[in-house]
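Here is a protein chain for a reader who meets it for the first time.

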Amino acid sequence: MPLSQKPMRYGHTEGHTDVCFNDAGSCIVTCGSDGDVRIWESLDDDDPKSINVGEKAYSFALKNGKLITAASNNAVQIHTFPDGVPDGILTRFTMNANHVAFNADGSKVAAGSSDFLVKIVEVADSSQQKTFRGHDAPVLSVSFDPQDAFLASASCDGSVRVWKIAEQICEKSWPLLQKCNDVVDAKSICRLAWQPKKGKFLAIPVEKVVKLYRRDTWEQQFDLSDNFISQPLNVVAWSPCGQFVAAGSVGGCIVVWNVDTQECLERVKHEKGYTICGLAWHPEGSQVAYTDTEGNLGLLENVCGADRKQSNTKASAPASKDYDDLFDEDDNEDFLNRDFIEPQSSPKAVTNYEDEDDDLTVASGRPRNRGAIIEDDENSIDLGLLKASSAPDKQGEEEDQESLPPVPPQSSTQRPFYDGPVPTPRQKPFQSGSTPVHLTHRFMVWNSIGIIRCYNDEQDNAIEVEFHDTAIHHAMHLPNSLNHTMADLSSEAILLACESTEELVSKLHCIHFNSWDSNKEWTVDMPPDEDIEAICLGQGWAACATSALLVRVFTVGGVQKEVFSLPGPVVSVAGHGEQLLVVFHRGTGFDGDQCLGIQLVELGKKKRQILHGDPLPLSWKSYLTWVGFSAEGTPSYVDSKGVVRMLNRGLGNTWTPVCDTREHSKGKSDHCWIVGIHESPQQLRCIPCKGAKFPPTLPRPAVAVLPFKLPFCQTATDKGQMEEQFWRSVLFHNYLEYLSQNGYECDESAKSRASQEQQNLLMKMFALSCTLEREFRCMELAELMTQNAMSLAVKYASRSRKLNLAQRLSELAAEKSAELAAVEEPGEEEEEDFRSHLNAGYSNTPTEWSQSKVRSLQRQQSTEASSEAEEGEEEEDVSEEAKPMTHDPPQCRNATLSKSAKAVIVSNSQGRVNPFKVSSSQKDPVAHSTSILDNMTRLPKKNPAPTRRTTASKEKGPVIKPLVPKPKSKQAAAAAFFQPRTPSSEKKTTTDEKGAKTEAAPPETQASTENGEDKRPKTGFQMWLEENRSLILADNADFEETEIIREGMARFRVLSPEERMTWTERAKGREAGDSGERKKRKHPESVNGDGQESPEQKSEENNSSAKKPKPADQMGIQKLSAFAFKQS
C-alpha cells in the first residue's frame, strides 16, 4: 500500500513544537511554545486534552506513564500521564533546558541546557544525578544509547560528543556542526538518535546528509543523502525496527531511507517550506508524526510497508501521458489532497488548494497516482531505481519478471524533463463560511443570519441550527441521516445537500420554515451521475451547482425554474436578494495561480446577467477562500492571502481591494475567518484564528470587527489618508445608487450623510492643496465637488489671495450649472418649443436676437403678479449684467422663466458665472437644503443648493451671476469682487462688486450702453477711481484698463475705513439725486412703443433686496466661512 498523508492541522502557537506517540501508539502527544502539552486521540481530534506545564515548553519525553517536560522556568518537571498531575521537579538548571530524553527502560532522563551542562537523573530518585561538563556553548540535543552505556550530545560549540555514562567522561568528539552562540541562532537543532535495540549506529544530521557512526569504533560508516534535500537537516528518528531512518530538514523536506540498502524510500516536501522540528515513529512503525515551527501537526501513514519495500526495488514503468491526463478526474480523487511527484532535478512542491491544512506533497521515487507528472519519454528513469538495481541482494526472479530491461544511466543533462510552467491543480468546490468536511465537529455555514453546525461522531450524527436573531426562528436540531455535507441559511429557509453514494443519488433538501402552510420541507433528487457541489439561497429562490456543469434554480417552495450551463467546473456560489453569484474555473492556472471566472445574474422580474464570466482577480499564488455578498448586496470575495475585494459598480463593475486581513494578524500562522461584510457601518466581521486557518466549534469563537482600508499610497500623510477616506466613502455608498435604480427603498438620510462626509473631505483636501500652492490640484478636486462645496472653495481661494484660482473655480461652477440646467430644463417645461430643448442651459451671443426682444420680455414680466415680478426682477438683473440672449421667442422665454423658479441662472456662451451673487429668498421656508453646513445645523428655511428647484415655491436659491467673457477682465472682476470687506458695512462690498463688474464689462456690453453712461448706480470705488484715474496714469502711463483698475483697487484698499465709508455715502447720495435723470436718459432705450417701464428699476429693487439678506443667510455664510478657515 503506498504512503498516504493526512491534512496538517493546527496544534500550537508559532514556535518550536515537539511530538511523540504514547507507548501503546493510541494517541499523539505534542508540546509547543504556548506552554501546553496536548494529547490527540487522532489527527482529527477537535478537542484534545491539554496539560499546561509553563509559559513555554521546549521539549518533552514520555515513557511508562511519566511525562517529562523542559519548560521556561529552567526546570525539568514530571507529570503523570494522561492525567497531567504534577509529580515534582527532577532537576534544575541556571538556564532553559533545550532537550530531554528517556533511556530505553524509562528509568533515567537525560537533559541538556543552555548553561552548557548535560545531566542524567534517576526518575525514581531525583537526587541521583550525574553532570557532564565539557561543552562550550548551549546544548542542542541528547540521546541515550539503548544499552545505557553511552550518551550522545550536540552543542552550539559545533561539536557532537559521546559520553561514557559510568565514568562521566567524553569518549569521542566530532567537530561536525557550525558554531553559534545560542539555540535560536543555530543552523540546525541537530536532533541525533541511536539505532534501537543494539545501538549499532549513531545517526547525526549534518548539513544535507545523515552521518552514521559505528558504535565502539566511532568510525563513520556511510552517509545517507538525496538530491531532494536542498537545506540542512534538522532532526532524525529511527523506526522501532531499526531498519529505517527518517529525517526532516529546515526547508520542510521529510526523507526516509532504508539503512541496509542506503536507498531513499520516501520523499515528502512541505509546500510552505516550514522547518520540520519534530519526528516520531509509531510503535508499530507504520506511521510517522511530524511538527513544524509554525505549530502544525501532520501524519504520514503506510510508511515503508512490506509491499512498499518491494515496489521500490524495481523500476517504475514509464507511462505515456499527455497533458490532459494531468487533471483526469475519472478516479474521483481529490487532486488537492493527492500525492504529486516531481523529477529529481526539479523538486518543486505542488500547491494544495482545497485545504490549507494539507501542507505536504509527496515526491517519491515512483509514480503513485497516474497523471501526476508529465513524463516526456520512456528514457526518463529514477535515481532510486539505479540504486536499487545496483543492490545484488534485491534482484530475484520476481523482480526480473516485473522490471523493465536494464537502462544505462544518463547524465542529468541528457534527461529531457519538462522545465516550463507547472499547471496548478484546480481548486475543489467549497461552501463559504464552512470548515473542512473531514472534521467530526464542523461549521457547515456561518453567515449574517445564523450558524449551522454538524456533529458526526460515534455518539451522534446531527445538525444544529442557531439564529443570531431569535425573532427570525428558534434554534433547531436536525438528524443527519443522509450525511449532508453542504448547507446554507437565509431568513426564509435552510438548504442542505448531500453527495451521492452507491445506493443513493445526490439530494437537495430545503426546510422552508417561513412558509405559512404545514408542509415546510421538500427534497429533490438529482439525476444519476450528477452530484451537487455548491448551494445557495436568495430571496424566494434556491440554487445548486452540479458536477454536470449546470446551475439549477428552484423557488423556495420547491418549484423548478431556470437551468443554465457553466463554462467550467464550479468553485462556489452565493445568493443575496435577487442576485446569484457563481465562481467557476475558466481554464487551467499555472505556477500556483488559479484561473477563475465569475458570473453575476439577477433573478428578479427583469432577469439579466451583470458579469459575463469575467476573470476573477486573485493575489499571486492564492486561491479563493470566501465569496458572498455584503449585507447591503455588494458582491465580495476573499483569497488565501487575506485580501478582501469588493465589486465597484461605479467603475464599470471592477474589483477593488478593500482590506488586507494579514495586516491584522500577529503571526504568520494566524488567519482571519470571514463571516460577514457590512458597508454601513463599514465593518469586516471575522473570527481571528490563532495559529490556525479556521476556528473550532467549541468553545464558541468570538467575532472581531476589522476596519476597511483601500491600498492607497502614502496613507501616513494627511493627503494620502484623506484621499483613501474619500474614495472609500464613494465605494461603500455605491450600493445606495444600485438600490434606488432597482426599485428598492433607499435611506435618503444615508445619502445625505455620505455626501456631506465626502464634501467635507474634499474641502479639507482643497484647503491642504491651497496651503501647498497646488492650484491645479485644487481645480481637480473642485471637479468632484457639489455646487455648495464649490462656492465655499471659491470663497476660500479668494480670501487666500489666490485670485486666478478663484476665477477658474467660478468658471467651473458656471459650466456645471449650465450642464445641470441643460439636463433639468427639458423635463420640466413640456410646452417649450424644440429650440428651448436644444438650447437649455446655454446662452447665445447678443447679435443673434435683437435687444428690443429682450426688453419686451422684461416689460411683459413686469406686468405679472408681485411674487412673479420678484423673480422677473432677478432674471432681469442677470440679463442686464451679461446680456444673455436665447433662441427662444420672448414670450416663450418669459413663460419659462416665470414658471420654473430656477436656482441656477444660465450664463453667457462661455459659461462663466459668479457663485456669490445671492438673491433674497423670501417665499418658501420649506425648501430642502443640501448645503454642508445647513445639514450640520439643520436650518429648515434655506435652499442654497443651486441645482435643485421647487416648482411649488417662488423662493429662489443662490443665483449664480454670469461673469464677463472678456479674457482681460477676469482678474479685474475677481479682484474687484474679492476685496477684503470692511467691518463697518456689508452693503459696501456689494456696491464695490457691482462697480468692478461694470468696469470690466466686455466690448459688447459697453457698446450697448454707449448712449447711457450710468445704467447702474456707481459704487464708492468707481467714483474714487474716476477722480484718481489721472493720478494713476501719471504714475503709470503705459497701464491698460485692467491694470488701472487693479492699481486703483490696491490704492483704494489702503484708505482708512472712514475715507472709504465717505466715498460709499457719496455714491449713495449721487444715486438718490441722479435717479430721475437716469430714468430720463434710459427711457428711449428701454421703452418700446407700448410705453412699459424700464427693467432697470426692477433690477435696482432686486439688488436692494439682495443687499439685505435674511439673518438665516448671514448665519449660513458665517458658518461656511468659519468651516473654510478652521485651523486643522
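Q: Why does Thr291 count as buried?
A: Buried means under 20% relative accessible area, exposed over 50% and partly exposed in between, with a 1.4 Å probe and protein chains only; Thr291 has 0% relative accessibility and therefore counts as buried. This is a predicted model, in which local features need pLDDT of at least 70 and side-chain atom pairs count only at pLDDT 80 or more, while totals for chains, interfaces and linings use all residues. Residues are numbered from 1 along each chain as its sequence is written, and side-chain values use heavy atoms, with hydrogens and water left out.

Q: Where does Thr291 lie, and which residues does Thr291 touch?
A: Thr291 is placed in strand S27, residues 287-292; helices (H or I, at least four residues) and strands (E, at least two) are DSSP runs, numbered from the N terminus. Contact means heavy atoms within 4.5 Å, and, not counting residues up to four places away in sequence, the residues that Thr291 touches include Thr17, Asp18, Val19, Ile276 and Leu297. Thr291 and Asp18 are 273 residues apart in sequence, yet 6.5 Å apart in space, C-alpha to C-alpha.

Q: What makes H4 roughly antiparallel to H6?
A: Two packed helices are described by the angle between their axes and the distance between the axes. H4 and H6 pack at an angle of about 155 degrees, with their axes 10 Å apart; axes are lines fitted to C-alpha atoms, for helices over the stretch in contact, and angles run from 0 to 180 degrees between N-to-C directions. Angles under 35 degrees count as roughly parallel, over 145 as roughly antiparallel, 65 to 115 as roughly perpendicular and the rest as oblique, and that makes H4 roughly antiparallel to H6. The residues of the contact of H4 with H6 divide into 8 nonpolar, 3 polar and 5 charged, where Ala, Val, Leu, Ile, Met, Phe, Trp, Tyr, Cys and Pro count as nonpolar, Asp, Glu, Lys and Arg as charged, and the others, Gly among them, as polar.

Q: Which residues of helix H5 are buried, and what covers the buried residues of H5?
A: In helix H5, residues 734-741, the buried residues are Asn734, Tyr735, Leu736, Tyr738 and Leu739. Their cover includes strands S43 (579-585), S44 (596-602) and S48 (643-648), together with helices H4 (718-731) and H6 (748-771). Just after H5, Gly743 takes a positive phi of about 80 degrees.

Q: Why is one side of S2 and of S5 left without a neighbour in the sheet?
A: Two strands pair if DSSP finds at least two bridges between them, and the open sheet of 4 strands has the order S2-S3-S4-S5, with antiparallel pairing. Strand S2 (18-21) and strand S5 (49-52) stand at the edges, each with a single partner strand, so one side of each has no neighbour in the sheet. Strand S4, residues 36-40, is joined to S5 by 4 bridges, and the two run antiparallel; Arg38 stands opposite Ser50 in S5.
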